[in-house]
Structure formats: structure tokens, C-alpha cells
Amino acid sequence: MDKIFKLTQPVVETLAEKYGTPLLVLSLEQIKHNYQFLTDHLPGVKLYYAVKANPDERIVRTLASLGSCFDVASDGEMLALTELGIAPDRMVYANPFKTHNGLAVAKRTGVYKFTFDSESEIYKMAKAVPGGSVLLRVRVDNPKALVDLNKKFGAHPDDALRLLNIAREQGLDVAGLCFHVGSQSLTADAYVDAMKICRRLFDEAAVQGFNLHILDIGGGFPIPALGSEIDIIKLTKTISENLAKYFPTTEIWAEPGRFICGTAVNLITRVIGLQQRNNQQWYFLDDGLYGTFSGVIFDHWDFELIAFKSGEKIPATFAGPSCDSLDVMFRDKLTVPLEMDDILLVPNCGSYTSASATVFNGFAKTPRVVWEDIEQEINQVTAKNKSIA
Ligand SMILES: Cc1ncc(COP(=O)(O)O)c(C=O)c1O
């Protein structure tokens, strides 16, 4: 990728000194950059930021000011966005199984676009939000995604027409189809396969009198990760070309989460304890599995740890600060030997991290600062420290 938000060692030290650790540093410029990248490379595609990836208010406000729409998963997200003045027609309630409270809040706030993949959901929507606009989520298998959402969601293509017919009979506005190829999809193949399936279903639906006019290609756009190569320009180019081929006149939506926020946050964390267990070095950090590193469990993410030190690497175990034995983030992770109070920088920490963090054991959620709010001051202090040293 052309631009990634990554703090330098002197700046990390200044930030740790001023704010303490752990600390999350969010770059809104990177958020803008990522949004603009997708706008440029997926021309004509309407972007619905998947709020679940990182619901930070400043991120949502920034995207709203750029004209983004939003994919919401719950009553809480709808209410939070409504509170920020985001109009209901800029939201799609894209959770195939909605709670009763979620549907009540959709009705109250005026959110009228929904996705579904089951018959039971049709009756729920027809009752709670009559006449709502619906997209049927189609299952597209993709073992190449880091998080394969199709193990849980998506109607089998063979069942699609039956579900569309029931939705129509129930008075819903059957507007189109959607899919999600799974999060952190490394290639465009699954998108292209899904487009082919959806093209066939659009045509079959037309024969039955449907006017499907929206295709939502979901999220899944990848960010740089340890151990995998991504070529986002090639991926978006292939998607664009195939959209033009298979859906030249259809309104296209996408629901990027990770791609928008993943590269926009750095975590600064510190070694708070050393231990030798079973002949392996253990490092205890002041952020853990119940905090920002929750992505290790919920997102299967392997985080890069930058120690700003050189030396021969050793395999080590990294554990979080809670009293729970589950709170171990990495085992056999290669690292330069660390010492007490060493500071680590964790880049690409913005998606499915703080969003799923807890306050288990009474640890507060890791505070965050917005880089552009403090950049000038921090750079001045950093320069001053450098000149003294
Ligand atoms: C319905 C839906 N849309 C969009 C997303 C965002 O996906 P990603 O972060 O891979 O872009 C998700 C992630 O779980 C999702 O469930």
C-alpha cells in the first residue's frame, strides 16, 4: 500500500512519556486517505463503512464529512450514528439476524435498508418494518479469507429465488443481492465468483418479474499483514473490471471495515514483567487479549510488534496484564530480547481491536489520542529532546 500510518521511535517515546502506556494513536488523515483510495479505485461504488470494525466517533464523523454511508449491525450503532446527525438513508442495517430491539430502533430512526438470508427474518422484517428495502445475502465460500463469514451467513444460491419470492409476497421491497467474501480476502477471485453467481440470480429473478437494481459486494478488502502479500491495486482493478462486465447498469455498494480503519491506528504498549516458564522467555505487556489484542481471538490477527532494538531473535511468549491464564497473545513469537519497561509499537491496529476490547479485571479500555490534534506539539517536544540528547 502506498501510505500507512506508522509512528517513529522518537515520537513513540515522546508519546509514551506524555500520555503513558498503553496508548492508541489514531490518524484521521489515514482514514481519509483509505476512504479516498477506495473511492478512486472502485469508481461508482457507494461506500458503507462497516462501523463494527471501529466505531470511534472521530472516525465516523470524518467519514460522514466525506460523504460516506454506513453499515450498521445493531440498535446501538444506529442510535450512535443518529445522535451524530447521520441521516437514516445513509445506513444499511446489514445484519442477517436482527434483534427485535434493533428492528424497533430502525423503525423509530427511519433506517429502511436491510439484508437477510433466511425465511424467518422475512416475517420479522415484514412485521416490524413493513415495505422495507431488502437485499438477500448470498453465500460465497472463500477459504482464502482470514475470517470466513460464509460459515455463518449467506443463503445458498439454490434457495435465493424462493426467498426473494417470499420477501415480495410479504410486501418487502426486494431491491437486490449482497455478499461478503470474508474478511481480509487476499485475492479478487472470491469477489469475481460471487459476481458471477449474483449475475445469474439477477437474470433468473428478472424472468420472475423482479427488478433487482442493487448489488452490495460487502467488505473483505485486505490490509498489509504479517506473512501475506497483498496487491490492493490489482484486487480493486479486477473487482472494478468485473463489475463493469457483469453489472454495468446496477447500483453497487460496498461495506469496507478493516480497509478504512485498520492502518489508521498504532498501539504503544510496554513490557511490565519478565518471566521464564518451561525454558521460554515470557513478556507481560500492559495491553492484552481482553484489550486491544482482542483481535487475536476475534479476528485471528497476528500483530506486528516493533521493539526499535536490534539483536538476535528469540522465540517468546507475550501475555497481557490480567490475572486470567487465557490472556496470552502470542506463543513462540520471534522477537529481539526485551527488557523491563521496553516500549513496543504495534502498527495496523485499528480494526477489530479496540472495538472488541473489554474492561475485564478492571482495566480501563486503552485511551486514544488523535494524531493530527497533537502532531505539532509532539513533533516540537521530540525535536527538543533530540537536540538535548
Ligand atoms: C455484513 C458485514 N459487512 C461488512 C463487514 C466488514 O468487513 P471487512 O472489515 O472485512 O471489510 C463485515 C465484517 O464482519 C460484515 O459482517
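This is a predicted model: local features need pLDDT of at least 70, side-chain atom pairs count only at pLDDT 80 or more; totals for chains, interfaces and linings use all residues.
View 1. The domain assignment places residues 29-260 in domain 1. Domain 2 covers residues 262-388. Taken over C-alpha atoms, the centres of domain 1 and domain 2 are 32 Å apart. Domain 1 gives 18 residues to the contact, and domain 2 gives 15 residues.

**View 2. The side of domain 1 that touches domain 2.** Which elements each supply at least two residues here? They are helix 2 (28-41), strand 7 (145-147) and helix 10 (258-261). Helix 2 provides the largest share, with 4 residues. By class, the residues on this side of domain 1 comprise 9 nonpolar, 5 polar and 4 charged.

**View 3. A355 in its loop.** A355 sits in the loop between strand 16 (343-346) and strand 17 (368-370). Is A355 buried or exposed? A355 has 20 other C-beta atoms within 10 Å, so A355 is buried; the cut-off for a buried residue is 20 or more. Leaving aside neighbours within four places in sequence, A355 is in contact with K52, A53, N54 and P55. G182 lies 173 residues from A355 along the chain. The C-alpha atoms of A355 and G182 are separated by 18 Å.

View 4. Helix 12 spans residues 371-388, 18 residues in all. From its first C-alpha to its last, helix 12 reaches 24 Å. That is close to the 26 Å expected at 1.5 Å a residue. Where is the kink in helix 12 centred? The kink is centred on E377 and amounts to about 35 degrees.

**View 5. D189 in helix 8.** D189 lies in helix 8, which runs over residues 189-207. D189 is partly exposed because 14 other C-beta atoms lie within 10 Å. That count falls between the cut-offs, 12 or fewer for exposed and 20 or more for buried. L161 is 28 residues from D189 along the chain. The C-alpha atoms of D189 and L161 are separated by 24 Å.

Methods: Residues are numbered from 1 along each chain as its sequence is written. Two residues are in contact if their C-beta atoms, placed from the backbone, lie within 7 Å. The expected span of a helix is 1.5 Å times one less than its number of residues. The bend at a residue is the angle between axes fitted to the seven residues ending there and the seven starting there. Domain bounds come from an automatic or database domain assignment. Ala, Val, Leu, Ile, Met, Phe, Trp, Tyr, Cys and Pro count as nonpolar, Asp, Glu, Lys and Arg as charged, and the others, Gly among them, as polar.
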